Amino acid sequence: MCGIVGYVGNGSARETIIDGLKKLEYRGYDSSGIAFCTDGKIEIRKCVGRIHNLEELLSKETLDSHVGIGHTRWATHGAPSDVNAHPHANGDSSIAIVHNGIIENYVEIKEWLAQDYGVNFLSETDSEVIAHLIGVYYNGNLEDAVYKAVDKMRGAYALCVISKNEPDKIVAVRKDAPLIAGIGHGCNFIASDIPALLKYVREIYLIENNETVVITADEIKIYNAQRERVHRDVFHVTWDADAAEKDGYSHFMLKEIHEQPKGLYETLHRRLDENGEIVLDGISMTKADIENFNKVYIVACGTAYHAGLVGKSAIEKMAHIPVEVEVASEFRYRDPFVDDKTLFIAISQSGETLDTLAALREAKSKGARVLSVVNVVGSSVARESDDVFYTWAGPEIAVASTKAYTTQLMCMYMIALYMGRTKGTVEESYYRAFLTELSEIPEKLKAVLENESEIEALAKELYKKEQVFFIGRGPDAGVSYEGSLKLKEISYINSFAIAAGELKHGTIALIEKDTVVVALATQDKLFEKMLSNIQEVKARGAYVIGLAKEGNKEIEKQADKVIYIPDCIDEITPLLSVVPLQILAYYIAKERGCDIDKPKNLAKSVTVE
Ligand code: F6R
């Protein structure tokens, strides 16, 4: 949510920052801007719209510098507009800032600055107060002024600051919003996220909460909240630069859909030893810990929450422990019963989702053991957890999550299986058979992807519809929620998902002639029940797209169209069944001319409440 890039060095700040912002555009894309220290002053250029608008604005002049900060915005306070875009400056434009996060007490600070210092504010943002605050405190040392300003601020921030009086440096600080510093040769960088810097550096420092960084061309100095210099180990990034490129696909989303067999293979095999045993290297949870748990909470947001729904069934079935799944924004304010017998599982692709992070802290403070399922190595959720089970999806750039979801599911199955095996609630034969099924998934998924053109044709038939329902039972209900979210977030079609058995308790009132219903019927033991549900909606005129396992031909008699997935055990069908739904959403959005990788109003990483 909002992307930040800063550069200090001998090269072109403009080129590096624009390039980095393009890589971060998934974090927010309603406006963007850049500030340079040049010729004894600060120059700011900013405008509403995508980065290419900023490029166009800059193309009219040769403005550049060796020091600069840039920002791509996801609006919280104040509508997307030129004036609300970052960077923001203080009154005499001696200080400029870019900010990701929310300053909760900005009204209070604003009033104080207006009354005591006669400050005029140009924008409606909370962020602008930071520039004025630092300006008021500035007394020849930028770090001092930033420390004083931060002392007065409440909320979340990743903040980068430049001053015309100290034109060779950037001062940055973070609290509950991500920030990394990139180590270059004769130049150094600061950014919200690794993809921004992949083209330039592989060695980075992960900046911790409440730390301040002072970056010059030769040095990166990190200080803690007490202003003591801290040593930080260099973090080596293993992603290659191509991983953050489209690689010939028309969208990142399509590329990422196709990367799922590889992501699933990696996620599984990196935790299997040569004897096919699940190994939890680096995870300190012991047999005694597992036996001690009497409750599991799975907490996450959006797609990651949907992965949790599937995880619940797996853990309850295999480890015989009651599991509650909850959205993080509810959990954190509910005062849930958590103690030292609770296993808290946080699921997050980015590892920076603020609600998930806050829920994790809440659970930890009550004594829970925290295991997280995370994609981004070194992210806040990963760092604050007792143990991390990484998904090996690689960087997910498209705002709509695809490969993160399926790799999260893979982790949940493996965690369930491991816990069950450790507790003795899973028998050896079941354990082996289940792992064999999981290991066959990447190849089966390739078969699903070969049907892409069939689903594309279906999308061409459906793209003008204004309402689509998704129904399913058991694990299919969880996948219905995810299929519906995918469709609505990228195509803007009004979509709703419901457990099929619940339909007749109210929602069926909305079914009428030609309403599209996607009915997931992959569960052998629930197949006949689903056929009845399909009949119920057909009787009210619905147009039904069935989704079933190969061989279950009976569904063809009820549904208008059927999509088949390869046969596998009921428990793990979500790994396959979600993929046709991702493809369907993708092609429907494409037919509707939507901006698939950057849907309106959304951002990839939600670092505000
Ligand atoms: C939807 C989507 C979001 C995220 C949610 C949590 O396609 O991507 O619903 O799943 O914002 O994000 P993470 O997993 O980064 O915590």
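By class, the shell around the ligand comprises six nonpolar, seven polar and two charged residues; here Ala, Val, Leu, Ile, Met, Phe, Trp, Tyr, Cys and Pro count as nonpolar, Asp, Glu, Lys and Arg as charged, and the others, Gly among them, as polar. The model is a predicted one, in which local features need pLDDT of at least 70 and side-chain atom pairs count only at pLDDT 80 or more, while totals for chains, interfaces and linings use all residues. Residues are numbered from 1 along each chain as its sequence is written, and side-chain values use heavy atoms, with hydrogens and water left out.

In total, 15 residues surround the ligand, and the closest are Ser348, Gln349, Ser350, Thr353 and Glu489; a residue is taken as near a molecule if one of its heavy atoms lies within 4 Å of it. Ser348 places a polar side-chain atom 2.6 Å from a ligand oxygen atom. For Ser350, an N or O atom of the side chain is likewise 2.6 Å from an oxygen atom of the ligand. Lys486 brings a polar side-chain atom to 2.9 Å from an oxygen atom of the ligand. Of the 410 Å² of accessible area that the ligand has on its own, the protein covers 90% (Shrake-Rupley method, 1.4 Å probe). Two or more residues of the shell come from each of helix 9 (302–319) and helix 16 (475–491), where helices are DSSP runs of H or I with at least four residues and strands are E runs of at least two, numbered from the N terminus. At least three shell residues come from each of domain 2 (245–449) and domain 3 (452–591), with bounds from an automatic or database domain assignment.

Ser31 belongs to strand 2 (residues 31–38) and is buried, with a relative accessible area of 0%; buried means under 20%, using a 1.4 Å probe and protein chains only. Its side chain makes a polar contact of 2.9 Å with the side chain of Asp30. Such a contact is a pair of N or O atoms within 3.5 Å; within protein, one must be able to donate a hydrogen and the other to accept it, and residues adjacent in sequence count only if both atoms are side-chain atoms.

His99, in strand 6 (residues 95–103), is buried at 1% relative accessibility. Beyond four places in sequence, the residues in contact with His99 include His71, His86 and Asp126 (heavy atoms within 4.5 Å).

Methods. Buried < 20%, exposed > 50% of the residue type's maximum accessible area, 1.4 Å probe, protein only.
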